[in-house]
Amino acid sequence: MRIRGWLIYSKQDAKENMSFIQWFLDEAKKLDIHLTFMLREDLQIGIMNQKPTILKQNKPIKRPHFAIVRTVEPLLQLHLEQLGIKTFNSSYISRICNNKILTHLEVNKLNIPMVNMFFYNRKDLTHNPPLPYPLIIKNPTGRGGREVFLVKNNHDWLHFLQQTAFEHVLIQTTDVQQGKDLRVFVIGKKIIGAVLRESDNDFRANFKLGGKATWYDLSQHERIFIQRIINHFDFGMVGIDFLFSYSGDLLFNEIEDVVGSRTLSSVSSINTVGKYLSFIKDNIKLEYQ
């Protein structure tokens, strides 16, 4: 059986990630996987004649064995799963990990250290924040370090209240080493690498925002600690992000569902995509044994 899969991107994200898409297509050929690039905008999902249905440009299409969904749309994964298509990542991972509040609530079950934080509906915010200044405000559904704000004083807080359109808000303490974090890349149940991200001019260390990246050797203690999170979930490929306490201990921060590999590729020769597709191929073979 030749395994067939879809690689799904939105039109805008595809423009920004053509080299990554080509990397997927090239590695799929090496593994004898028939991988087809699909634009999300070309797909129509719904229910017809009491059955879940998917069309491409309003016409029937042969379903694949799996789909790598590189958009943030848990509904799409859920629909594909109801059609019998295995998704990477799953709809569950997409729903939890693309909402920082849900992610923290889930990881907190594991007694994993994290900074103090509060969750609010936007309409319930008052003129008095729940934590002392300075503090961090995040849109729980924001990505890539965007929609993350450092609030230094009451003036900043009142300005945020006037300007924000977020439906929900996550408010965190700043009791960490600023401008520094760790991204751990995970495929399935395995850690494949870790990258230290640092910024000299921003409290955020994201690579896309100008931060620098270096390879990070995880200690045995850190690996055991991180593996507790990995074992709790059924990941395809994700990035797990950690902050550093003042004493250098890891503090859980978030899980990136649609994770790229720019930082890992910049500091290592690890074939992230090849490893991911090999994992998927093995996973699909088990399903059809």
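**Close-up views of a predicted model**

**View 1. Ile226 and its surroundings.** Beyond its neighbours within four places in sequence, Ile226 is in contact (heavy atoms within 4.5 Å) with Val184, Ile191, Leu218, Ile240, Phe242 and Leu250. This is a predicted model, in which local features need pLDDT of at least 70, side-chain atom pairs count only at pLDDT 80 or more, and totals for chains, interfaces and linings use all residues. Residues are numbered from 1 along each chain as its sequence is written, and side-chain values use heavy atoms, leaving out hydrogens and water.

**View 2. The largest nonpolar core.** A nonpolar core is a set of buried Ala, Val, Leu, Ile, Met, Phe, Trp, Tyr and Cys residues joined through side-chain atoms within 4.5 Å; buried means under 20% relative accessible area and exposed over 50%, with partly exposed in between (1.4 Å probe, protein chains only). Among the 35 residues here, Ile226, Ile229, Ile240, Phe242 and Ile255 touch the most other members. Elements supplying at least two residues each include helix H7 (220-232) and strand E15 (237-244); helices (H or I, at least four residues) and strands (E, at least two) are DSSP runs, numbered from the N terminus. E15 gives the most, with five residues.

View 3. Look for Trp157, Phe160 and Leu161, which are buried. They lie on the same side of H6 because they cover an arc of only 100° around the axis, taken from the directions from the helix axis to the C-beta atoms. These buried residues pack against strands E9 (135-138), E10 (148-151) and E11 (168-173). The face turned away from them carries the exposed residues His155, Gln162 and Gln163.
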